[in-house]
Amino acid sequence: MSFVCAISGETPDEPVLSPSSRCVFERRLIEKYVAEKGTDPISGEELTVDQLIEIKNPPVVKPRPPTATSIPAILKILQDEWDACMMNSFSLRQELLTTRLELSRSLYQHDAACRVIARLQKEVTASREALATLKPHAAANQPRDLQYGIEMEDGANAADEEIGMSEEVAAKLQEKASALTAIRKQRGKAIPEDLTKPEILSGYVELTSHMGLHSASMPGITCMDVHLTNPNCIVTGGNDKNVVVFNKETEEIAAVLKGHQRRVLKVVYHPTEEDMVISSGADSIINVWSVGTQKPRHIIRAHTTPVTGISIHATGDYILSVSSGEKWAFSDIRSGRLLFRVDDSAPSSQGMTCAQFHPDGLIFGVGNIDTTIKIWDLKERTNVANFPGHAGSIRALSFSENGYYLASVGDDSAVKIWDLRKLKNLKTINLSGKFQPRDVSFDLSGNYLAVTGVDVRVFQSKSWNELVVLKDHTDLVTGVRFGENAGFIVTCGMDHWKAIRQLVEFAFRFYVQFGQTLKRLEAVRNCRCPSLETVRTVLGEKQQFNGSFVLAVYKLFLKESRMNLNVADLENRRARVQAASGTSSATREGLRRRPAVRAINDELTDSDDESQELDVEGPKTEKIGKKKLAKLQAKAERRMMREEEEAEREVRKKMDIERAEKERLREQQEEEEERRRELEEKQRIEEEKRRQHEEYLRFKEAFTVEGEGCDADENADAAGLYRAFVEYVKKNKVVSMEILAGEFGMRTADVIDRLRNMVSDGTLTGVFDDRGKFIYVTDDELLSIAKFIKQRGRVSVDELAEYSNRLIDLEPERRAVKA
């Protein structure tokens, strides 16, 4: 609400009310009127300042008076905007000049650093050449690690020295072989009771797949292995030079082992120790890893060429290794020492590709590029048998557990089974020409054989029938291993993900074995499909199962229930219900009863309550036709299908939630790891810069930089030199920084700093141009330019430049000579 002053007729800033006339006034006006007249200006009655009543009113915002109401006002606004733009442009030019000066100084410093680095590189090259000319015994006196470091830098490895195999080691090998042979004979040919049946194994389906174990920039898993006593522990090697230990149970990465300089070619898990992993790579070294510390226990340098295959002896203390250089070696993994090395270059095998110990550990097989398989005696170090027959290089070998058979795969896409007792080829399985075999593996019982290539194929031993083909990988499958009792299969491939396949049929078989203890479900099992929660509750009494396992049980149970729900069963149930209905009608005549069709449906719903009362409208029906029975059967099957789909959706939803949570945790761990690596890299870079700066400061005095000038004479007269500097600038008007630096024996950067200081304190007046020159402008010339701008009022940059060229004399010395 706004008031109007009774005197001025405008809205008052401080309104007050007169009790005499009850009019509103501006405080300053009414106080001045009362001070002069002493009366109310409206009523004429006496009035004092104390009688005025203050009115509380929100402040009134007065409208802004219009400014651009005329052409001069508009021109004034435009001129102000133009001046602001010019000031901003001038500030930007000043900042650009400063930046250019700083850049020029940095370039000079960079040039000096490059010269220092070039000199240091020459010295390093000269030192290396001098080191290469030293005598061999001089290198032998150096520490072992230093020798390896130099040779690794030049691209070649030096092999360890052989210490030989003692009699104690030989006796240990013989004792272990005898013990294993006795155990094998005692066990005989009996098949383990818990071993998965062939008809069940053919139902392998993919259970889980894991991506991101290795780097996405260098994708592909080249090899893998599973721990013998704890199949949940899996180790993989990849093209990214890393070895990854994975826990199948927790579905998490347990360790990432980094140390190879090139891709990993082979990994093996120690048969008894979960904390020990052994790997070999194209960098020709063998690393014995500690999973807990994620560092190598030992580094075995038994070869000078890529190590293509390794195999642990049954004792768990020694390892066999082969390389592409036609040599195999036997080393102690406890001490990290090479026991002995054997050369197989006569006749040439063109390089070894794989190796595998026989179960008793006294002989082993080696695959070669020249398509032959050689059997070697470990203690005698002699070649005792050869198996030719492949048409391509050998890719992988695997001995059966009983030691009778050797399986091999080669580039000829053939799987050959060799009988070690008769030393001949027992069976050849020819695969397609595009199969590209990569790995072969017997299960621990020797009853199944798995081969990998473009897919995974599982065969049954002795009959060598193909049981299942797994085609889940999108690229070459490079590794395969069986779990305990063939309970699952683990595969890896160049599509850098690992799949774990479980026996779904085994889930149902396991469930049926506990049928004796689940009698309360027998009626439900015989009558209708149970719910998913019922199956989960039953299975939960014995063991904890994941969602996929329970869902598999539920699907197979539904399948069996549909198979058992046939016409004969319905006929038998109908007869029992009709008999019960007849007995009830004799005692309760006149009551309404359900038809037999409803009775059958009731029995399908609850088979334990056959004698319950049936009271639904409708006449009694004695017979049910075949069409009706077919409808009932179809209805029951549809109900089962609906329950199955609902249960599957529920389980999949829970699995998706769990998978998303695991993915979130994994991404969080990766982000933390990435931040840690970035911090370490930043610290390393800072340390490197600091070290280089210290070296630069230490050596820079020994070098000179052409074009930068030299130090001024320390004995020169500073005051006279200062005056000469100023006079030289004033005399030449336009001076180059380099020429000025050379004239006075100064560095270019010092010349720039001195000119800026002189401009700041008023000794010189001028500007720096973008060509690295300083232009001296006298006071008179500056006054002339200021007068020109003041007269014109508004000038363009081109006009100002043209007038400045006329006012500023850039060549005074030349004009003086002409005069």
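Author: Buried means under 20% relative accessible area, exposed over 50%, and partly exposed in between (1.4 Å probe, protein chains only). This is a predicted model, where local features need pLDDT of at least 70, side-chain atom pairs count only at pLDDT 80 or more, and totals for chains, interfaces and linings use all residues. Residues are numbered from 1 along each chain as its sequence is written, and side-chain values use heavy atoms, with hydrogens and water left out.

Reader: Thanks! Is Lys185 buried or exposed?
Author: Lys185 sits in helix α5, residues 167-187. Its relative accessible area is 68%, so Lys185 is exposed.

Reader: How far is the C-alpha atom of Lys185 from that of Asn402?
Author: Along the chain, Lys185 and Asn402 are 217 residues apart. In the model, the separation of their C-alpha atoms is 9.1 Å.

Reader: Let's step back: what share of the chain's residues is buried?
Author: The chain has 19 helices and 34 strands, taken as DSSP runs numbered from the N terminus (helices H or I, at least four residues; strands E, at least two). Of its 819 residues, the buried share is 38%.

Reader: Among contacts between residues at least 6 apart in sequence, what percentage joins residues at least 24 apart?
Author: A contact means heavy atoms within 4.5 Å. Among the contacts between residues at least 6 apart in sequence, the part that joins residues at least 24 apart is 50%.

Reader: On to the helices: how are α2 and α16 oriented to each other?
Author: Helix α2 (residues 71-132) packs with helix α16 (residues 748-761) at an angle of about 155°, their axes 10 Å apart. Axes are lines fitted to C-alpha atoms, for helices over the stretch in contact, with angles from 0 to 180 degrees between N-to-C directions. Angles under 35 degrees count as roughly parallel, over 145 as roughly antiparallel, 65 to 115 as roughly perpendicular and the rest as oblique. The two helices, α2 and α16, are therefore roughly antiparallel.

Reader: Which residues of α2 make that contact?
Author: On the α16 side, the contact uses Thr748, Ala749, Ile752, Asp753 and Arg756. From α2 come Thr98, Leu101, Arg105 and Tyr108.

Reader: How are α15 and α16 oriented to each other?
Author: Met737, Glu738, Leu740 and Ala741 of α15 meet Thr748, Val751, Ile752 and Leu755 of α16. The axes of α15 (residues 737-744) and α16 come within 9 Å and cross at roughly 100°. That is why α15 and α16 are roughly perpendicular.

Reader: What kind of aromatic pair do Tyr405 and Trp464 form?
Author: Rings of Phe, Tyr and Trp (its six-membered ring) pair if their centres lie within 6.5 Å; planes under 30 degrees apart are stacked, over 60 edge-to-face and the rest tilted. Tyr405 is buried at 13% relative accessibility, and Trp464 is buried at 8%. Their ring centres are 6.4 Å apart and the planes stand at 90°, so the pair is edge-to-face.

Reader: How many residues apart in sequence are the parts this pair ties together?
Author: Tyr405 belongs to strand β22 (residues 405-410). Trp464 is in the loop between β27 (456-460) and β28 (466-470), so the pair ties together parts whose distance in sequence is 59 residues.

Reader: Last one: is Lys733 buried or exposed?
Author: Lys733 is in the loop between α14 (718-732) and β32 (734-736), and has a positive phi of about 65° although it is not a glycine. With a relative accessibility of 4%, Lys733 counts as buried.
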